[in-house]
Amino acid sequence: MIESDAFVQALQDIGVDFFTGVPDSILGGIIAELMERRLYTPAVREDEAVAMAAGAYMAGKIPAVLMQNSGLGTSLNTLISLNYIYCQPCILIVSWRGHGGKDAPEHLVMGEVMPQFLDTMKIPHRTLTEKTAIDDLKWVAETFMKKRIPVALNITKGVIKGLHP
Amino acid sequence: MLSRAQAMAALLELLTDQPVIICNGFPSREAQHIADRPTHFYMIGSMGSAAAIALGVALSKPKKHVIVFDGDGNVLMGMGTLATVGALKPKNFIHVVFDNEVYGTTGNQPTISNVVPLEKVAKAAGYVHVERVREREDLVYEFKDMLTKDGPSMLLVKVNEMVEDAGRVKLDPPDITKRFMQAIK
């Protein structure tokens, strides 16, 4: 399991300097670490977080947005008609609720279709594993710089240490 | 009553190189027509997001005044952002709302801003200064005042439904991004 502080440090090391989002339990440890480092700007909806990230990017920041995968649905239009068409990249740290069909009912459909959903939205994505973490983050940074569009790093349960292990 | 374009022109006369985020629909087209500046970010699409984009700029550039030109339909759609702005309290954030009580770009369907006073919602959410104006003199006076005070501030100006014949936003979206980024460096 990856420690939250190591993950946050790795994001900072690739240059991320603006963090916003809406919480999820899987992301709890990361958000606690970001708050401790006074790096986190909370948003009230995922589409708002994505738009804030776009503004921060245009003001010279490298932004990351944390959200549950349900938030992909909420932010769909902003991701496409703002970030994508205006070439405003951001790093989406997306918790994969409903992964493997084991979760509360409200997460199962999005959990099942999430990779296809991201493909349809033309958002490049990878799923973080402990073994490939260094490579995954390198890929995220390179895709951000090269494509100038949102790029998603999917986080399944148990890969990063949460608040309640 | 002023038209939105008249109100916008009066405000743009008072601005120089401050970043201005302009909401989608007619407002962006009119702003481009009145004074096209590289410090303008014209939105097409992503309705409801203007204030959130501006908030991202304002938090990242705390030494610059960041202005939002918004509409009543836009504010209602992204009303949660009033709470986020009110809670984070960026001092350099000025939110101008041109309130014509209709969705102008889609054919003047009514919004609900005739019964929901948006500046009061902003005040309740934590904006420091809010004003509602109807006349040109008041608009200019209050906006100048807001430029000297710590915000966040909201200036709601009641405007009529008149639309300037302005044409679509000319630049391609990626060029708007590039030009804006360069201009606010």
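Two residues are taken to be in contact if their C-beta atoms, placed from the backbone, lie within 7 Å. By this criterion, in the predicted model, the contact between the chains draws 25 residues from chain B and 25 residues from chain A. On the side of chain B that touches chain A, helix H3 (50-60), helix H5 (80-88) and helix H8 (173-183) each contribute at least two residues. The greatest share comes from H3(B), which supplies eight residues. Sorted by class, this side of chain B comprises 14 nonpolar residues, ten polar residues and one charged residue.

H3(B) is paired with helix H3 of chain A (residues 46-58): the two axes come within 6 Å and cross at roughly 45°. From H3(A), the contact involves Glu48(A), Ala51(A), Met52(A), Ala53(A), Ala54(A), Gly55(A), Ala56(A) and Met58(A). H3(B) contributes Ala52(B), Ile53(B), Ala54(B), Leu55(B), Gly56(B), Val57(B), Leu59(B) and Ser60(B). Between H3(A) and H3(B), the contacting residues divide into twelve nonpolar, three polar and one charged.

As to confidence, the model scores ipTM 0.96 and pTM 0.97. For chain B, the average pLDDT is 97, and 100% of the residues score at least 70.

Conventions: Residues are numbered from 1 along each chain as its sequence is written. Chains are lettered from A and ligands numbered from 1 in the order in which they are written. This is a predicted model: local features need pLDDT of at least 70, side-chain atom pairs count only at pLDDT 80 or more; totals for chains, interfaces and linings use all residues. pLDDT is the predictor's confidence in each residue, from 0 to 100. Helices (H or I, at least four residues) and strands (E, at least two) are DSSP runs, numbered from the N terminus. Ala, Val, Leu, Ile, Met, Phe, Trp, Tyr, Cys and Pro count as nonpolar, Asp, Glu, Lys and Arg as charged, and the others, Gly among them, as polar. Axes are lines fitted to C-alpha atoms, for helices over the stretch in contact, and angles run from 0 to 180 degrees between N-to-C directions.
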